[in-house]
Amino acid sequence: MPILEAKSLTKRYGSNPALTNVSFAIEPGRIVGLLGPNGSGKTTLIKLANGLLQPTSGEILIDGEKPGARSKSLVSYLPERINVPLWMSAEELIKFYSDFYADFEPNRAQDMLHNLGIGEKMRIKEMSKGTREKVQLILAMSRRAKLYMLDEPIGGVDPATRDYILATIINNYDPSASVVISTHLIADVENILDDALFISRGEIVLYDSVDHIRESRGMSVDGLFREVFRC
Amino acid sequence: MDTSFRQNEPIYLQLIERFKLSIVSGKLLPGDKLRSVRDLALWAGVNPNTMQRALFELERNGLIYTQRTSGKFVTEDADIIGRVRRELAEAKTAEYLGYMRSLGLKTDEILLAIKEKEEENANS
Amino acid sequence: MLGKLIKHEFRATGRLILPMYAVVLLVSLFAHFAFRMLDRNMPIFIGLALYLIVAAFFIGLIGAFVYTFVVMIVRFKRNVLSDEGYLTMTLPASIHSILWAKIIVSLVWSAGTVLVVVLSAVIAAFEVGWVVEALKDLGYLFELFFSYDNKASVLGWMLSIALYAVVSGIVGCLNVYSCMSIGYGFARNKVLWSIVAYFVIGIILGWMNGGGLQVLITLNENVFTSETFNENFYQNFTLLFGFQFLQGIIFYVLTWWNLRYRLNLE
């Protein structure tokens, strides 16, 4: 069964279409790039999968179920924004996550914090923006989720942090889980992707494996992206 | 993390090529144990499935083998390594010849060019 | 899951509410001494300081309620309707549990504030003559009230009032939540829309309340003269209670529906 499936998914804000008749299925064990320019509907799609929005029509299914309490226990979601309470310390957040997520592994989070030299007693509000983002990534990746949804995890980070993020994703790879990474910086993530899902103006324009794209078109996903989305 | 892959070719094919080179050139010795797929993926900065696919192809070609409990190892079969060395050499030669021909050189001129370069290298 | 949510809700709000309790109680302790010294002859600046303490005490009593209310509103906005909402609304919990955790904790803090305010009043006024007299008068009033030949027992009264207080507390809380969830469903001017929602709902409820009263009076024209009200106490109470309950259900459904279908996190 696909871990994430969209069936004729449509979302409109008022009369503005954000997603139009989107259908696809992501099987377990894949790292999928959700690729599209800004405003193409990537975040809308991710929010729909996380139950933060409701579809106008069609449906989105996580492990065969509509978003709800159960699906949320399967999905680890890293939003674009700092979503953790600023007054909490890293240590308190680890407790919070352990409390709410049965699949959260505090030891892994502690190890990763330690490796980055982030003090557990430090409060989020005392951290720099970059450190906050790393803490959030660590929390998201320390779950043994079935589906990770990472919204723009490498937008606006320095190359060293980007490498750290990508290494963390590879390091936590689990053949029974899938990872969806939304980004418009394709060259940076291309090497760790299995599949590329191109989205443009709320519609899927291409869904193929990275190997097949390179084999059949003789160009990288980044190259193809530039061609498809040429201004 | 090494991200210097060519743009126009599947990454797993480039990984296979890198492994072949390492084995033929002796960077990886016969009987050497390979690291885990995850570690290799991290080292190359690629998706673990891609690394897995490359290793699968290498295993199919007999360059590496799996011992059920202890992991993957470089083959100790010198014939296979020799065969791969010839294949790599042939491929590179064909590529080189194609390039020289496109420059308009004939076989004897190409041979001469090789000979001259070799002498120059020996003298320096 | 509800238990965990409540636990965390207490932790997140307690760090704001408990220090306020401490301050209010501390000020009431100062006020306790200030009250006693007011009628003595003092240099002008000490007298002024005493008046300031007394003023701070009274402001603190009212401020405690305002503060509790503001904490409730800000907590809901931050935790559900702003960036933190990305975490809160993706916890493996239903919107119902998230909502109930907030309602229950708000209710407990409201009750706590009432207790702290009463306690601080007692501390400040301890053994001040006129207060003792006033309490005696209040007791007398109670006696008078229950001396009517009525069907409601004192215990029945107390329980009914307590129940009514709890339900009104929940309804008041949901009133605010529903307005915010409506206002924050808009893409822009979220706060403005929340306030508009508050007034529109207020007006509609005003009409409904008027209608409700009309119904009560039609049923029994003398409903609000105390004797007959008391006679039909349980019947009238049930009507009032039912009316509150109905409002609560409307607010709850509004809040839930807006959080589910119109949630619009930036």
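Predicted model: local features only at pLDDT ≥ 70, side-chain atom pairs only at ≥ 80, totals over all residues.
**Entry 1**

**Entry 2: chains C and A**

I turned to chain C and looked up its contact with chain A. Here 17 residues of chain C are in contact with 18 residues of chain A. On the chain C side, at least two residues each come from α1 (2-37), α3 (85-88) and α9 (233-261) of chain C. The largest share is that of α1(C), which supplies three residues. How do the residues on this side of chain C divide by class? I wrote down 10 nonpolar, three polar and four charged.

**Entry 3: chain C as a whole**

I then followed chain C from end to end. How many helices and strands does chain C have? I noted nine helices and zero strands. Reading from the N terminus, I therefore wrote the order of elements as α-α-α-α-α-α-α-α-α. Chain C has 266 residues, and 26% of them count as buried. I also looked at how far apart in the chain the contacting residues are. Of the contacts in chain C with a separation of 6 or more, 76% are between residues 24 or more positions apart.

**Entry 4: the two domains of chain C**

Last, I looked up how chain C is divided. I have domain 1 at 1-126 and domain 2 at 149-266. Taken over C-alpha atoms, the centres of these two domains of chain C are separated by 24 Å. The two domains touch: 15 residues of domain 1 of chain C are in contact with 15 residues of domain 2 of chain C. On the domain 1 side, α2 (44-81), α3 and α4 (95-125) of chain C each supply at least two residues. Which element gives the most to that side? I found α4(C), with seven residues. By class, I listed this side of domain 1 of chain C as 10 nonpolar, four polar and one charged.

Definitions and conventions: Residues numbered from 1 in each chain as written. Chains lettered and ligands numbered in written order. Helix = DSSP H or I, 4+ residues; strand = E, 2+ residues; numbered from the N terminus. Buried ≥ 20, exposed ≤ 12 C-beta atoms within 10 Å, placed from the backbone. Contact = placed C-beta atoms within 7 Å. Nonpolar A, V, L, I, M, F, W, Y, C, P; charged D, E, K, R; others polar. Domains from an automatic or database assignment.
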